[in-house]
Amino acid sequence: MRHRKPIDELTGFQVLDNFQTFDQRNDIYCRSQWDPEIQSDKARAFFEGYFMPNARSRRTDGFSQRDYALRNAAWHVTNILRDVNREETGRKEGFFDHFTSHEEGWPEPYPFESTEEATADLKKIAHLSGADLFGVCGYDERWMYSGIFDERVLDSKPLDIPDDLPHVIVIGESMDVDLTRTVPSALSGSATGLGYSYDALTLLTLAQYIRNLGYRAYATMNDSSLGIPLAVQAGFGEVGRHSLLITPEYGPRLRLGRIFTDLPLDHDTPKKFGVEAFCNICDRCATGCPPKAIPFEPPSDKVHNRSNLIGVAKWTVDAEKCFKFWVNQNTDCSICIRVCPFNRDYKRWYHRLWLRLAGSPLRRLALWLDDKLVDRGRHKSSWWWQSS
Ligand code: SF4
Ligand code: SF4
(Lines give C-alpha, C1' and ligand atoms only; values in the text may rest on other atoms or scores of the structure.)
(Ligands and ions follow the chains in the order given, each with its own letter.)
Protein backbone atom coordinates (compact mmCIF):
# COMPACT_ATOMS: atom_id res chain seq x y z
CA MET A 1 0.00 0.00 0.00
CA ARG A 2 2.85 2.42 0.75
CA HIS A 3 5.32 3.52 -1.91
CA ARG A 4 8.98 2.75 -1.40
CA LYS A 5 10.06 6.16 -2.69
CA PRO A 6 8.92 9.56 -1.32
CA ILE A 7 5.81 10.71 -3.18
CA ASP A 8 7.53 13.84 -4.61
CA GLU A 9 10.16 11.65 -6.24
CA LEU A 10 7.41 9.73 -7.98
CA THR A 11 5.39 12.78 -9.07
CA GLY A 12 8.34 15.08 -9.79
CA PHE A 13 6.72 17.85 -7.70
CA GLN A 14 9.25 20.49 -6.66
CA VAL A 15 8.00 21.75 -3.32
CA LEU A 16 10.32 24.48 -1.99
CA ASP A 17 11.21 25.64 1.52
CA ASN A 18 8.93 28.67 1.27
CA PHE A 19 5.85 26.51 0.54
CA GLN A 20 2.54 27.73 2.00
CA THR A 21 -0.78 25.91 2.04
CA PHE A 22 -3.47 27.69 0.03
CA ASP A 23 -6.31 29.63 1.59
CA GLN A 24 -9.46 29.27 -0.52
CA ARG A 25 -10.38 32.93 -0.01
CA ASN A 26 -7.56 33.68 -2.47
CA ASP A 27 -9.11 31.52 -5.17
CA ILE A 28 -10.10 33.84 -8.05
CA TYR A 29 -13.82 32.97 -7.83
CA CYS A 30 -13.84 33.73 -4.10
CA ARG A 31 -11.90 36.94 -4.70
CA SER A 32 -14.63 38.04 -7.09
CA GLN A 33 -16.83 38.24 -3.98
CA TRP A 34 -14.54 40.23 -1.67
CA ASP A 35 -11.56 41.69 -3.55
CA PRO A 36 -12.18 45.13 -5.15
CA GLU A 37 -9.45 44.32 -7.69
CA ILE A 38 -11.57 41.50 -9.08
CA GLN A 39 -15.10 42.65 -8.27
CA SER A 40 -16.97 44.40 -11.07
CA ASP A 41 -20.46 44.75 -12.51
CA LYS A 42 -19.34 42.53 -15.37
CA ALA A 43 -18.16 39.81 -12.93
CA ARG A 44 -21.53 39.94 -11.15
CA ALA A 45 -23.37 39.68 -14.48
CA PHE A 46 -21.08 36.78 -15.44
CA PHE A 47 -22.17 34.72 -12.41
CA GLU A 48 -25.82 35.77 -12.68
CA GLY A 49 -25.78 34.66 -16.31
CA TYR A 50 -25.59 31.04 -15.16
CA PHE A 51 -29.31 31.38 -14.33
CA MET A 52 -32.01 32.14 -16.91
CA PRO A 53 -33.33 34.73 -17.61
CA ASN A 54 -30.15 36.60 -16.63
CA ALA A 55 -28.04 35.03 -19.39
CA ARG A 56 -27.13 37.82 -21.75
CA SER A 57 -27.72 35.79 -24.89
CA ARG A 58 -26.98 37.43 -28.21
CA ARG A 59 -26.98 36.65 -31.90
CA THR A 60 -23.29 35.66 -31.96
CA ASP A 61 -22.66 31.99 -32.75
CA GLY A 62 -22.38 29.94 -29.55
CA PHE A 63 -24.03 32.59 -27.37
CA SER A 64 -27.71 32.22 -28.34
CA GLN A 65 -30.55 31.53 -25.94
CA ARG A 66 -30.34 27.82 -26.85
CA ASP A 67 -26.61 27.70 -26.07
CA TYR A 68 -27.12 29.32 -22.66
CA ALA A 69 -30.21 27.16 -22.06
CA LEU A 70 -28.12 24.00 -22.34
CA ARG A 71 -25.14 25.36 -20.43
CA ASN A 72 -27.25 26.47 -17.50
CA ALA A 73 -29.22 23.22 -17.50
CA ALA A 74 -25.91 21.31 -17.40
CA TRP A 75 -25.11 23.00 -14.06
CA HIS A 76 -28.60 22.42 -12.64
CA VAL A 77 -28.01 19.20 -10.67
CA THR A 78 -24.79 20.56 -9.17
CA ASN A 79 -26.63 23.75 -8.22
CA ILE A 80 -29.36 21.82 -6.37
CA LEU A 81 -26.78 19.91 -4.33
CA ARG A 82 -24.76 23.09 -3.79
CA ASP A 83 -27.76 24.89 -2.31
CA VAL A 84 -29.16 22.09 -0.18
CA ASN A 85 -28.04 23.68 3.11
CA ARG A 86 -27.06 27.12 1.87
CA GLU A 87 -29.91 29.18 3.27
CA GLU A 88 -29.88 27.58 6.71
CA THR A 89 -26.13 27.20 7.29
CA GLY A 90 -24.38 29.24 4.60
CA ARG A 91 -22.72 26.07 3.31
CA LYS A 92 -22.09 26.05 -0.43
CA GLU A 93 -21.48 22.34 -0.84
CA GLY A 94 -19.17 21.07 -3.53
CA PHE A 95 -17.64 24.53 -3.98
CA PHE A 96 -16.67 25.84 -0.51
CA ASP A 97 -17.89 23.04 1.79
CA HIS A 98 -17.87 19.26 1.59
CA PHE A 99 -21.15 17.49 0.80
CA THR A 100 -23.37 16.62 3.77
CA SER A 101 -26.37 15.08 1.97
CA HIS A 102 -25.81 11.66 3.53
CA GLU A 103 -27.93 9.17 5.41
CA GLU A 104 -26.75 7.37 8.50
CA GLY A 105 -24.42 4.51 7.62
CA TRP A 106 -23.62 1.19 9.31
CA PRO A 107 -22.20 1.18 12.85
CA GLU A 108 -19.49 -1.48 12.33
CA PRO A 109 -16.86 -1.60 9.55
CA TYR A 110 -17.47 -4.26 6.88
CA PRO A 111 -14.71 -6.91 7.09
CA PHE A 112 -12.99 -6.84 3.70
CA GLU A 113 -10.45 -9.65 3.42
CA SER A 114 -7.72 -7.34 2.15
CA THR A 115 -7.05 -3.79 1.01
CA GLU A 116 -6.79 -5.22 -2.49
CA GLU A 117 -10.35 -6.54 -2.28
CA ALA A 118 -11.64 -3.24 -0.85
CA THR A 119 -9.91 -1.21 -3.57
CA ALA A 120 -11.26 -3.41 -6.37
CA ASP A 121 -14.74 -3.19 -4.83
CA LEU A 122 -14.66 0.62 -4.60
CA LYS A 123 -13.31 0.94 -8.13
CA LYS A 124 -16.16 -1.18 -9.47
CA ILE A 125 -18.80 0.86 -7.63
CA ALA A 126 -17.18 4.14 -8.69
CA HIS A 127 -17.43 3.16 -12.35
CA LEU A 128 -20.97 1.88 -11.82
CA SER A 129 -21.86 5.27 -10.33
CA GLY A 130 -20.49 7.10 -13.35
CA ALA A 131 -16.78 7.73 -12.65
CA ASP A 132 -14.59 7.79 -15.73
CA LEU A 133 -11.37 7.55 -13.69
CA PHE A 134 -10.74 6.22 -10.21
CA GLY A 135 -7.50 6.40 -8.20
CA VAL A 136 -6.32 6.41 -4.59
CA CYS A 137 -3.54 8.27 -2.82
CA GLY A 138 -2.54 9.02 0.74
CA TYR A 139 -3.77 12.03 2.71
CA ASP A 140 -1.35 14.91 2.12
CA GLU A 141 -1.86 17.95 4.30
CA ARG A 142 0.09 20.18 1.88
CA TRP A 143 -2.79 20.15 -0.59
CA MET A 144 -5.54 20.78 1.96
CA TYR A 145 -6.86 24.35 2.07
CA SER A 146 -5.61 26.24 5.12
CA GLY A 147 -9.08 27.80 5.27
CA ILE A 148 -12.28 27.52 3.25
CA PHE A 149 -14.38 30.43 2.04
CA ASP A 150 -17.47 31.53 3.92
CA GLU A 151 -19.61 33.71 1.70
CA ARG A 152 -21.62 35.02 4.67
CA VAL A 153 -18.61 36.81 6.15
CA LEU A 154 -16.58 37.01 2.92
CA ASP A 155 -13.59 35.50 4.68
CA SER A 156 -12.07 32.13 5.59
CA LYS A 157 -13.41 29.67 8.09
CA PRO A 158 -11.64 26.52 9.34
CA LEU A 159 -11.55 23.46 7.11
CA ASP A 160 -13.91 20.84 8.54
CA ILE A 161 -12.51 17.64 7.02
CA PRO A 162 -10.95 15.57 9.85
CA ASP A 163 -7.19 15.14 9.43
CA ASP A 164 -7.16 11.49 10.56
CA LEU A 165 -8.52 10.02 7.31
CA PRO A 166 -5.50 8.37 5.71
CA HIS A 167 -6.84 7.72 2.20
CA VAL A 168 -8.06 9.94 -0.62
CA ILE A 169 -10.15 8.53 -3.45
CA VAL A 170 -9.88 10.68 -6.56
CA ILE A 171 -12.68 10.60 -9.13
CA GLY A 172 -12.37 11.92 -12.67
CA GLU A 173 -15.33 12.87 -14.89
CA SER A 174 -14.52 13.49 -18.51
CA MET A 175 -15.81 16.47 -20.49
CA ASP A 176 -17.40 16.00 -23.90
CA VAL A 177 -14.79 16.22 -26.66
CA ASP A 178 -17.12 17.69 -29.31
CA LEU A 179 -18.43 20.44 -27.05
CA THR A 180 -14.86 21.54 -26.32
CA ARG A 181 -14.36 22.08 -30.07
CA THR A 182 -16.82 25.00 -29.92
CA VAL A 183 -14.79 26.95 -27.34
CA PRO A 184 -15.14 29.85 -26.75
CA SER A 185 -18.92 29.68 -26.50
CA ALA A 186 -21.64 29.46 -23.90
CA LEU A 187 -22.44 26.08 -25.44
CA SER A 188 -19.00 24.66 -24.58
CA GLY A 189 -19.58 25.56 -20.92
CA SER A 190 -22.12 22.70 -20.95
CA ALA A 191 -19.19 20.26 -20.94
CA THR A 192 -17.94 21.82 -17.70
CA GLY A 193 -21.38 21.94 -16.06
CA LEU A 194 -22.16 18.33 -16.93
CA GLY A 195 -18.71 17.27 -15.70
CA TYR A 196 -19.56 18.77 -12.30
CA SER A 197 -23.09 17.35 -12.24
CA TYR A 198 -21.86 13.80 -12.98
CA ASP A 199 -19.04 14.31 -10.48
CA ALA A 200 -21.47 15.28 -7.71
CA LEU A 201 -23.67 12.24 -8.40
CA THR A 202 -20.71 9.84 -8.36
CA LEU A 203 -19.15 11.37 -5.25
CA LEU A 204 -22.34 11.30 -3.21
CA THR A 205 -23.17 7.72 -4.24
CA LEU A 206 -19.68 6.41 -3.54
CA ALA A 207 -19.33 8.24 -0.21
CA GLN A 208 -22.75 6.95 0.90
CA TYR A 209 -21.69 3.42 -0.11
CA ILE A 210 -18.56 3.73 2.04
CA ARG A 211 -20.66 5.02 4.97
CA ASN A 212 -23.11 2.13 4.47
CA LEU A 213 -20.13 -0.22 4.78
CA GLY A 214 -19.39 1.29 8.19
CA TYR A 215 -16.50 3.63 7.38
CA ARG A 216 -16.13 7.40 7.36
CA ALA A 217 -16.27 9.24 4.02
CA TYR A 218 -16.27 12.96 3.16
CA ALA A 219 -17.15 13.78 -0.44
CA THR A 220 -15.60 16.96 -1.86
CA MET A 221 -15.48 18.63 -5.25
CA ASN A 222 -13.95 22.12 -5.67
CA ASP A 223 -13.90 22.58 -1.89
CA SER A 224 -11.42 21.57 0.83
CA SER A 225 -8.31 20.70 -1.19
CA LEU A 226 -6.37 21.29 -4.39
CA GLY A 227 -7.53 18.57 -6.77
CA ILE A 228 -4.71 18.39 -9.29
CA PRO A 229 -1.80 17.41 -6.99
CA LEU A 230 -3.93 14.70 -5.39
CA ALA A 231 -4.97 13.42 -8.83
CA VAL A 232 -1.32 13.24 -9.89
CA GLN A 233 -0.47 11.38 -6.68
CA ALA A 234 -3.39 9.01 -7.37
CA GLY A 235 -1.84 8.08 -10.72
CA PHE A 236 -4.11 10.01 -13.10
CA GLY A 237 -1.41 11.74 -15.13
CA GLU A 238 0.76 14.85 -15.33
CA VAL A 239 0.32 18.62 -15.28
CA GLY A 240 0.74 20.52 -18.55
CA ARG A 241 1.92 24.04 -19.32
CA HIS A 242 -1.70 25.23 -19.04
CA SER A 243 -1.66 24.07 -15.38
CA LEU A 244 -4.32 21.46 -16.13
CA LEU A 245 -4.10 17.76 -15.50
CA ILE A 246 -3.42 15.70 -18.64
CA THR A 247 -4.44 12.03 -18.58
CA PRO A 248 -3.81 9.28 -21.15
CA GLU A 249 -7.56 8.53 -21.27
CA TYR A 250 -9.06 12.01 -21.74
CA GLY A 251 -6.16 14.41 -22.23
CA PRO A 252 -6.97 17.68 -20.41
CA ARG A 253 -10.79 17.21 -20.36
CA LEU A 254 -11.44 16.18 -16.77
CA ARG A 255 -13.29 17.41 -13.67
CA LEU A 256 -12.02 16.09 -10.36
CA GLY A 257 -13.64 15.05 -7.07
CA ARG A 258 -12.12 13.65 -3.88
CA ILE A 259 -13.43 11.44 -1.05
CA PHE A 260 -11.48 11.42 2.21
CA THR A 261 -11.92 8.10 4.02
CA ASP A 262 -10.61 5.68 6.67
CA LEU A 263 -11.58 2.63 4.60
CA PRO A 264 -8.17 0.91 4.14
CA LEU A 265 -7.25 1.04 0.44
CA ASP A 266 -4.23 0.44 -1.78
CA HIS A 267 -2.60 3.57 -3.19
CA ASP A 268 -1.94 4.04 -6.90
CA THR A 269 1.48 4.96 -8.26
CA PRO A 270 1.94 8.30 -10.05
CA LYS A 271 2.46 7.79 -13.79
CA LYS A 272 4.45 9.75 -16.30
CA PHE A 273 3.88 9.42 -20.03
CA GLY A 274 5.97 12.24 -21.46
CA VAL A 275 3.77 15.32 -20.88
CA GLU A 276 6.50 17.52 -19.42
CA ALA A 277 8.95 16.76 -22.25
CA PHE A 278 6.18 17.39 -24.79
CA CYS A 279 5.17 20.72 -23.22
CA ASN A 280 8.83 21.76 -23.40
CA ILE A 281 8.59 21.70 -27.21
CA CYS A 282 5.01 22.98 -27.48
CA ASP A 283 3.43 26.31 -26.57
CA ARG A 284 0.03 26.00 -28.27
CA CYS A 285 -1.89 26.84 -25.12
CA ALA A 286 0.31 29.85 -24.30
CA THR A 287 0.00 31.14 -27.87
CA GLY A 288 -3.73 30.43 -28.08
CA CYS A 289 -4.68 32.01 -24.75
CA PRO A 290 -6.22 35.41 -25.66
CA PRO A 291 -5.15 37.30 -22.48
CA LYS A 292 -1.73 35.58 -22.46
CA ALA A 293 -2.26 34.08 -19.02
CA ILE A 294 -0.18 30.94 -19.68
CA PRO A 295 3.61 31.10 -19.33
CA PHE A 296 5.98 30.55 -22.26
CA GLU A 297 8.86 30.14 -19.78
CA PRO A 298 10.01 26.89 -18.10
CA PRO A 299 8.43 25.88 -14.77
CA SER A 300 9.38 28.18 -11.90
CA ASP A 301 8.17 29.34 -8.50
CA LYS A 302 7.04 32.68 -9.95
CA VAL A 303 3.63 33.79 -8.69
CA HIS A 304 1.54 36.36 -10.55
CA ASN A 305 -0.78 37.32 -7.70
CA ARG A 306 -2.40 36.03 -4.51
CA SER A 307 -4.43 33.40 -6.41
CA ASN A 308 -1.27 31.37 -7.02
CA LEU A 309 0.18 28.66 -4.81
CA ILE A 310 3.42 29.78 -3.14
CA GLY A 311 6.49 27.55 -2.97
CA VAL A 312 6.05 25.04 -5.80
CA ALA A 313 8.16 25.21 -8.98
CA LYS A 314 5.69 24.62 -11.83
CA TRP A 315 3.90 26.22 -14.76
CA THR A 316 1.56 28.77 -13.20
CA VAL A 317 -1.34 30.49 -14.95
CA ASP A 318 -2.20 34.12 -14.21
CA ALA A 319 -5.71 33.55 -12.83
CA GLU A 320 -6.54 37.27 -12.83
CA LYS A 321 -5.93 37.60 -16.58
CA CYS A 322 -7.81 34.35 -17.22
CA PHE A 323 -10.86 35.28 -15.13
CA LYS A 324 -11.10 38.77 -16.60
CA PHE A 325 -11.24 37.22 -20.05
CA TRP A 326 -14.07 34.91 -18.92
CA VAL A 327 -16.00 37.84 -17.53
CA ASN A 328 -15.53 39.88 -20.70
CA GLN A 329 -16.86 37.15 -22.95
CA ASN A 330 -19.64 36.26 -20.48
CA THR A 331 -18.86 32.55 -20.17
CA ASP A 332 -16.01 30.31 -19.10
CA CYS A 333 -13.22 29.62 -21.58
CA SER A 334 -11.32 26.45 -22.38
CA ILE A 335 -9.33 27.51 -25.42
CA CYS A 336 -6.25 26.02 -23.75
CA ILE A 337 -8.06 22.67 -23.71
CA ARG A 338 -9.27 22.93 -27.31
CA VAL A 339 -5.83 23.66 -28.76
CA CYS A 340 -3.85 21.17 -26.65
CA PRO A 341 -2.54 18.31 -28.80
CA PHE A 342 -3.39 15.89 -25.97
CA ASN A 343 -7.08 16.81 -26.37
CA ARG A 344 -8.22 13.81 -28.43
CA ASP A 345 -10.81 11.07 -28.46
CA TYR A 346 -8.67 8.20 -27.19
CA LYS A 347 -11.39 5.69 -28.01
CA ARG A 348 -9.92 5.77 -31.52
CA TRP A 349 -6.84 3.63 -32.11
CA TYR A 350 -4.95 6.21 -34.15
CA HIS A 351 -5.17 8.73 -31.29
CA ARG A 352 -3.81 6.10 -28.89
CA LEU A 353 -0.98 5.51 -31.35
CA TRP A 354 -0.33 9.28 -31.44
CA LEU A 355 -0.13 9.28 -27.63
CA ARG A 356 2.65 6.69 -27.74
CA LEU A 357 4.52 8.79 -30.29
CA ALA A 358 4.07 11.93 -28.15
CA GLY A 359 5.61 10.13 -25.19
CA SER A 360 8.62 8.93 -27.19
CA PRO A 361 11.75 10.71 -28.48
CA LEU A 362 9.70 11.29 -31.68
CA ARG A 363 7.55 13.88 -29.90
CA ARG A 364 8.45 16.58 -32.45
CA LEU A 365 6.97 14.35 -35.14
CA ALA A 366 3.85 13.95 -32.97
CA LEU A 367 3.54 17.73 -32.68
CA TRP A 368 4.02 18.13 -36.44
CA LEU A 369 1.37 15.48 -37.13
CA ASP A 370 -1.05 17.27 -34.81
CA ASP A 371 -0.42 20.48 -36.75
CA LYS A 372 -1.00 18.82 -40.10
CA LEU A 373 -3.83 16.40 -39.37
CA VAL A 374 -6.00 17.80 -36.59
CA ASP A 375 -8.33 20.77 -37.01
CA ARG A 376 -7.96 22.64 -33.72
CA GLY A 377 -9.83 25.72 -34.88
CA ARG A 378 -13.08 26.76 -33.25
CA HIS A 379 -16.07 24.81 -34.54
CA LYS A 380 -19.33 26.71 -34.84
CA SER A 381 -22.01 26.03 -32.30
CA SER A 382 -24.35 25.21 -35.22
CA TRP A 383 -21.92 22.40 -36.21
CA TRP A 384 -22.48 20.82 -32.80
CA TRP A 385 -26.26 21.30 -32.80
CA GLN A 386 -26.53 19.70 -36.26
CA SER A 387 -24.16 16.79 -35.60
CA SER A 388 -25.76 13.47 -34.72
S1 SF4 B 1 -9.16 29.28 -19.88
FE2 SF4 B 1 -8.88 30.68 -21.64
S3 SF4 B 1 -8.17 32.58 -20.68
FE4 SF4 B 1 -7.90 30.97 -19.15
S5 SF4 B 1 -5.80 30.21 -19.41
FE6 SF4 B 1 -7.11 28.90 -20.69
S7 SF4 B 1 -7.08 29.89 -22.73
FE8 SF4 B 1 -6.34 31.40 -21.24
S1 SF4 C 1 -0.93 22.89 -25.53
FE2 SF4 C 1 1.13 22.06 -25.69
S3 SF4 C 1 2.30 23.15 -24.10
FE4 SF4 C 1 0.14 23.45 -23.64
S5 SF4 C 1 -0.35 21.84 -22.19
FE6 SF4 C 1 -0.91 21.07 -24.22
S7 SF4 C 1 0.91 19.95 -24.92
FE8 SF4 C 1 1.55 21.24 -23.18
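Predicted model: local features only at pLDDT ≥ 70, side-chain atom pairs only at ≥ 80, totals over all residues.
Q: What makes the phi angle of Leu-154 worth a remark?
A: Phi of Leu-154 is near 55°, which is a positive value in a residue other than glycine.

Q: Why is Ser-243 called buried, and where is Ser-243 found?
A: Ser-243 has a relative accessible area of 19%, and because buried means under 20%, Ser-243 is buried. Ser-243 lies in the loop between strand 7 (238-239) and strand 8 (245-246), and its phi, near 70°, is again a positive value in a residue other than glycine.

Q: Why is Ile-281 called partly exposed?
A: The relative accessible area of Ile-281 is 21%, and because buried requires a value under 20% and exposed a value over 50%, Ile-281 is partly exposed. Ile-281 is found in the loop between helix 11 (275-280) and helix 12 (284-288), and, leaving aside residues up to four places away in sequence, it touches Arg-363, Arg-364 and Leu-367.

Q: How do you know whether Asp-97 is buried or exposed?
A: Asp-97 has 1% relative accessibility, and because the cut-off for buried is under 20%, Asp-97 counts as buried. The place of Asp-97 is in the loop between helix 6 (86-89) and helix 7, where, not counting residues up to four places away in sequence, Asp-97 touches Gly-90, Arg-91, Lys-92, Ile-148, Lys-157 and Asp-223.

Q: Why does Arg-253 count as buried, and which residues does Arg-253 touch?
A: Arg-253 has 4% relative accessibility, and because buried means under 20%, Arg-253 counts as buried. Arg-253 is placed in the loop between strand 8 and strand 9 (254-261), and its contacts, not counting residues up to four places away in sequence, include Glu-173, Ser-174, Met-175, Asp-176 and Asn-343. Glu-173 is 80 residues apart from Arg-253 in sequence, while their C-alpha atoms are 8.3 Å apart in space.

Q: Why are helix 15 and helix 16 called oblique to each other?
A: Helix 15 (residues 349-358) and helix 16 (residues 363-373) pack at an angle of about 140°, with their axes 7 Å apart. Because roughly antiparallel requires an angle over 145 degrees, and roughly perpendicular covers 65 to 115 degrees, the two helices are oblique to each other.

Q: Which residues meet where helix 15 packs on helix 16, and what classes do they belong to?
A: Trp-354, Leu-357 and Ala-358 in helix 15 meet Arg-363, Leu-365, Ala-366, Leu-369 and Asp-370 in helix 16. By class, this contact has six nonpolar, no polar and two charged residues.

Q: What makes up the largest nonpolar core, and which helix gives the most to this core?
A: The largest nonpolar core has 47 residues, and Ile-169, Leu-206 and Ile-259 are those with the most contacts inside it. Among the elements that give two or more residues to this core are helix 7 (115-128), strand 5 (167-174) and helix 13 (319-329), and helix 9 gives the most, with seven residues. Ile-169 touches, among others, Leu-122, Phe-134, Leu-206 and Ile-259, not counting residues up to four places away in sequence. A second, separate core of 27 residues includes Leu-133, Val-168, Ala-234 and Val-312.

Q: How many residues of each class are in the shell around ligand 1, and which residues are they?
A: The shell around ligand 1 has nine nonpolar, no polar and no charged residues. They are Cys-289, Pro-291, Ile-294, Cys-322, Phe-325, Trp-326, Cys-333, Ile-335 and Cys-336. Helix 13 and helix 14 (335-338) are the elements that give two or more residues to this shell, and the largest share, three residues, comes from helix 13.

Methods. Residues numbered from 1 in each chain as written. Chains lettered and ligands numbered in written order. Heavy atoms only, no water. Helix = DSSP H or I, 4+ residues; strand = E, 2+ residues; numbered from the N terminus. Buried < 20%, exposed > 50% of the residue type's maximum accessible area, 1.4 Å probe, protein only. Contact = heavy atoms within 4.5 Å. Core = buried A, V, L, I, M, F, W, Y, C linked by side-chain atoms within 4.5 Å. Near = heavy atom within 4 Å. Nonpolar A, V, L, I, M, F, W, Y, C, P; charged D, E, K, R; others polar. Axes fitted to C-alpha atoms, helices over the stretch in contact; angles between N-to-C directions. Parallel < 35°, antiparallel > 145°, perpendicular 65-115°, else oblique.
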